[in-house]
Amino acid sequence: MSQNRTTEMRQQSIFDSEKFVKRCGALNEFLWICAGVNRKVLRQCPTDYSKYAGIGGTILSTAIMAMFSGGYALFSIFSDPNKEIQDSNVYIMTGVFAVFWSLLIFNLDRFMVNTMYSDGTHKITGEELKGGLPRIILAIFLGLVISTPIEMRIFDDKIQAQVVKDQIAERKDMDNANKPLAEEIEKLYKSKERNNNRVDSATNKWTSTREAAHREATGHGLSGKVGIGKYTKQLEETAEKQEKDVNRIRAEINSTNKDIDNRIKELRAKQSESDKNIDISVNAMKGFTAKFNALHKVTSPSNSMNLFIARICIMLLFVAIEVIPTLFKMMMTSGPYDDLLRAEKHRVRVLSDKRISDINDDVNTDVHISIEKNKERVEAELQANKQVLEKLAAAQSSLLEEAIELWKEEELSKIRNNPSAYIQSSNPRPLGNTEP
């Protein structure tokens, strides 16, 4: 009994000592949760409190920045740039995604830090770097993803100005693409104007001839005689011919102008549709994609070296915030918390191995017992079979003896009844006799 009690005390987990350690403040407890440490073990290691609280704070700050970054990016995507007040669904969707994005980044950072291999020294060895390289690459990628929307917000004034420039350039390019359409419409108007001038010219000639004939008939013409004379008749004939020409030209021009008007109407409809598409396309250049392209333009080295350096610094800051916990875990020396945690892992591993060994022993014992039972069962069956065979052999021997006695009596009966026939039937033939 005493030995079992000692064994139980030796196997007692270090977690049981939690009742002797008080909680270390709500802030520390919360930051430890963010760091993903075993709080029951860490409470027994006061020298490691600030170390893991710092790691938890870094992970928490990254998650908060990811929340603002993801929320701003989604709001830029789903919001209508032409509305000052957005629909409530946009705000709800943005808030839900921001929380989800922050939890996702929080879980990834927490997982990366807690699954890092560390040899317990302050140096970053080759094995640590090899094991942590995938996590470092993922951390760099997360830093770039988180920093981009925040960069867009920081350079928002420059981006808005660049977006306006891009809209003007886009409208100019589209107007140039529609320039042949406008030129064709202008040509049609000029053709219609030429046709109308032709009708006006013919009409003016006809009107002038009629006026000249009227003046000649009233005595105000060149002849100075009143009445219809020879010259007046010539003018009237000329006027009649000109009137016919005017009517013919007007009919032709009206038909031609009608076709021109239909063509102009068709081109105007195309131009109106094109202008509408241009307005839609230009107004659409206010979303996330347009701002993202504008960000690259305003921060390009060819445009502004200062803005380019500022953007690189912001990007490196967020990348460093993501990578630092991983690097810090590599450089972190083993402390009391690591020793206790390693001891606890070893205890659990030993108990697990012992449990496996006990299970194997139990299984082996059950197998041995089963084998012995089967062996006894086989021996019992063999013994039973042996007894049956012995009884069967005895019965067969008894029956055979009984059959021999009956045969003997039967043969004696034959001898008594006819000895000569029995002797002749049982006497063998001479060896040299071959006759039948």
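How are α4 and α11 oriented to each other, roughly parallel or roughly antiparallel? The model under discussion is predicted, with local features requiring pLDDT of at least 70 and side-chain atom pairs counted only at pLDDT 80 or more, while totals for chains, interfaces and linings use all residues. Residues are numbered from 1 along each chain as its sequence is written, and side-chain values use heavy atoms, with hydrogens and water left out.

Helices here are DSSP runs of H or I with at least four residues, and strands are runs of E with at least two, numbered from the N terminus. The axes of α4 and α11 lie 10 Å apart and meet at an angle of about 150 degrees; axes are lines fitted to C-alpha atoms, for helices over the stretch in contact, and angles run from 0 to 180 degrees between N-to-C directions. The two helices α4 and α11 are therefore roughly antiparallel, a term for angles over 145 degrees, as against under 35 for roughly parallel, 65 to 115 for roughly perpendicular and oblique for the rest. The crossing of α4 and α11 is left-handed, which is to say that the near helix is turned anticlockwise from the far one by less than a right angle, clockwise being right-handed. On the α4 side, the contact (heavy atoms within 4.5 Å) involves Lys51, Ile55, Thr58, Thr62 and Met65, and on the α11 side Phe318, Ile321, Glu322, Pro325 and Phe328. These residues comprise six nonpolar, two polar and two charged; Ala, Val, Leu, Ile, Met, Phe, Trp, Tyr, Cys and Pro count as nonpolar, Asp, Glu, Lys and Arg as charged, and the others, Gly among them, as polar.

Trp101, Ile105, Leu108, Asp109 and Met112 of α5 meet Arg135, Leu138, Ala139, Leu142, Val145 and Ile146 of α6. By class, this contact has nine nonpolar, no polar and two charged residues.

On a 1 Å grid over the protein atoms alone, a cavity is a set of points where a 1.4 Å probe fits but cannot get out, whereas a pocket is an open set with protein on both sides within 12 Å along at least five of seven lines; lining residues have an atom within 4 Å of a point. Grid points are joined across faces, edges and corners, and a volume is the space filled by probe spheres set on the points.

The largest cavity has a volume of about 40 Å³. Its lining includes Thr58, Thr62, Ile321, Glu322 and Pro325, and α11 gives the largest share, four residues.

The largest pocket holds about 500 Å³. Of its 22 lining residues, Met116, Lys329, Asp338, Leu341 and Lys345 lie nearest the centre. The largest share of this lining, six residues, comes from α12.
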